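Please read this note with the sequence and the model side by side. The points are numbered so that each can be checked in turn.

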Amino acid sequence: MDPSRREVERERACVVGERVVRVSVVCQEGCYPHKEYHVNQDCYVVAERQELVYADGGGVHACGEASHGRGVCGELLLGVFDGHGKRGEDCAQIASGYFTGTLIGETSETEALDASYARAFEKVNEEVCEIMGEDASFSGSTAITALFDADGTVRVGNVGDSRCVVGIRVANDELPLNRHTKTWNVLDLTHDQTCFRADERARMKAQAESPMMFATIGMVLGETPSHEEFGDGEPGSDEEYCDDPPRVFMSGYRFPGCAFTRSIGDTVGKALGVSATPEMSTHDLNASPTTQCVVIASDGVFEFMSSGETMAIAERHYLEGGEGASERAAEEIVQAAYTRWQEQDERADDVTAIVAFIYPSDEVTIHPSNDVVATIQLNDVSKIMGAMTVS
């Protein structure tokens with residue numbers, strides 16, 4: 001892993017309602033030894049409240065109150081965009097560069113945020129396709145974003161196979177439901193959008209404008225019989241790590257071969273039912289007040305690592321605390337994922353991880369320099385570690 005081919009977003013503290021979120025990003029270029037030239041196709045977004053202000057033309061709010069003509073989409077926006085194809089880096093850069101502005105442009109006090117948030121993905125897809133033209137025929141990007149609001153709602157929109165995962169501290173007398181973490185339950189807020197999913201295959205068949213088929217590369221080459229018994233590809237299953245996953249092809253041809261079912265760009269795939277409409281989910285921090293971490297990462301992380309393994313790394317750094325804890329967690333997650341690639345494959349995908357640690361604001365002091373000082377009591381760990389000071 002070449003550290004010189006890495007982008008790092010240093011830890012910053014963001015006030016989100018009654019909480020402080022400390023967030024860091026590590027974006028590492030992969031290794032493709034048989035390619036003459038490779039560039040990192042992953043991009044990311046971190047936008048705070050002042051970057052999420054929208055102007056509204058006035059009118060009547062959905063609840064019946066008058067619109068004041070100005071507002072914010074949210075307090076914090078985090079996103080990962082994983083490009084693919086010959087021009088994937090361009091697609092990811094355009095998508096990440098346009099997303100925040102598009103969300104602002106689509107947001108209005110007279111419409112529910114969920115609708116404008118979802119529509120932003122479709123509008124960004126239109127921008128990418130228009131700017132890239134024919135170069136978007138077989139190139140595109142995934143897009144996953146998490147939007148935090150002041151009331152404690154985290155809205156997640158997902159197009160592709162990147163993932164958003166949260167760590168929720170269990171009660172002192174409980175054990176986590178997975179074998180990797182010690183104090184956190186691990187919850188996936190997204191469902192990988194791949195051709196393993198029977199529901200996605202059914203949707204694509206209904207929406208496809210051209211004849212299409214689902215097959216593995218082995219099936220297309222005539223090496224294995226054709227069928228659609230692909231398993232489910234669920235996290236932890238044998239299919240999740242298979243070498244030859246199902247893909248969508250134009251009937252009778254060997255393209256485009258998309259393993260994902262939703263994306264930005266990929267205009268040929270769009271005719272086969274590949275969609276830019278996101279799957280949406282929400283996580284209520286008030287209903288789950290012990291949520292301590294949100295991780296958003298590209299499939300370069302989850303190709304060979306489970307959500308539980310990933311969150312176990314984040315959990316350890318959260319408990320250890322100290323200045324830059326989220327940054328160290330992101331660095332270790334990326335390093336661990338890259339090592340798995342080296343163990344399992346001759347190449348390594350681009351790997352991006354955003355780690356957001358969440359603290360109650362009454363336990364955190366924000367100084368004018370944006371430094372953070374926090375004293376956190378965590379389960380029984382505090383009895384062992386003593387009061388933990390984060391600065």
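1. V294 is buried, with a relative accessible area of 2%; buried means under 20% relative accessible area, exposed over 50%, and partly exposed in between, with a 1.4 Å probe and protein chains only. V294 sits in strand 17, residues 291–297. Helices (H or I, at least four residues) and strands (E, at least two) are DSSP runs numbered from the N terminus.

2. Which residues is V294 in contact with, leaving aside its neighbours within four places in sequence? They are F148, C164, V165, V166, I354, V355, A356 and I358, where contact means heavy atoms within 4.5 Å. V166 is 128 residues from V294 in sequence, yet their C-alpha atoms are 4.4 Å apart.

3. A word on the source. This is a predicted model, in which local features need pLDDT of at least 70 and side-chain atom pairs count only at pLDDT 80 or more, while totals for chains, interfaces and linings use all residues. Residues are numbered from 1 along each chain as its sequence is written, and side-chain values use heavy atoms, with hydrogens and water left out.

4. The protein as a whole has nine helices and 21 strands. Of its 391 residues, 56% count as buried. Take the contacts between residues at least 6 apart in sequence: 70% of them join residues at least 24 apart.

5. Helix 2 covers residues 113–132, and its 20 residues should span 28 Å at 1.5 Å a residue; the end C-alpha atoms are 29 Å apart, which agrees. The expected span is 1.5 Å times one less than the number of residues. Buried residues of helix 2 include L113, A120, F121, V124, V128 and M132. An α-helix has 3.6 residues a turn, so residues three or four places apart point the same way. After helix 2 comes G133, with a positive phi near 60 degrees.

6. How do helix 1 and helix 2 cross, and at what angle? The axes of helix 1 (residues 88–106) and helix 2 come within 8 Å and cross at roughly 135 degrees. Axes are lines fitted to C-alpha atoms, for helices over the stretch in contact, and angles run from 0 to 180 degrees between N-to-C directions. That angle makes helix 1 oblique to helix 2; under 35 degrees counts as roughly parallel, over 145 as roughly antiparallel, 65 to 115 as roughly perpendicular and the rest as oblique. The crossing is right-handed, a crossing being left-handed if the near helix is turned anticlockwise from the far one by less than a right angle, and right-handed if clockwise.

7. On the side of helix 1, this contact includes D90, I94, Y98 and E106, and on the side of helix 2 it includes Y117, R119, V124 and I131. By class, the residues of the contact of helix 1 with helix 2 are 13 nonpolar, two polar and five charged. Ala, Val, Leu, Ile, Met, Phe, Trp, Tyr, Cys and Pro count as nonpolar, Asp, Glu, Lys and Arg as charged, and the others, Gly among them, as polar.

8. Helix 7 (residues 307–320) has 14 residues and reaches 20 Å from its first C-alpha to its last, close to the 20 Å expected at 1.5 Å a residue. Of these 14 residues, 11 are buried, among them S307, M311, E315 and L319. G321 follows helix 7 and has a positive phi near 65 degrees.

9. Helix 7 packs with helix 8 at an angle of about 150 degrees, the axes being 9 Å apart. That makes helix 7 roughly antiparallel to helix 8. E309, T310, I313, A314, R316 and H317 in helix 7 meet A325, R328, A329, E332, I333, A336 and R340 in helix 8. The contact of helix 7 with helix 8 has six nonpolar, two polar and five charged residues.

10. Q344 lies in helix 8, residues 325–344. Is Q344 buried or exposed? Its relative accessibility is 53%, so Q344 counts as exposed.

11. Two backbone details remain. The peptide bond from F255 to P256 is cis, with omega near -5 degrees, and P256 is found in strand 14, residues 256–258. D266 is not a glycine but has a positive phi of about 50 degrees. D266 is in the loop between strand 15 (264–265) and helix 5 (267–270), and counts as buried at 3% relative accessibility.
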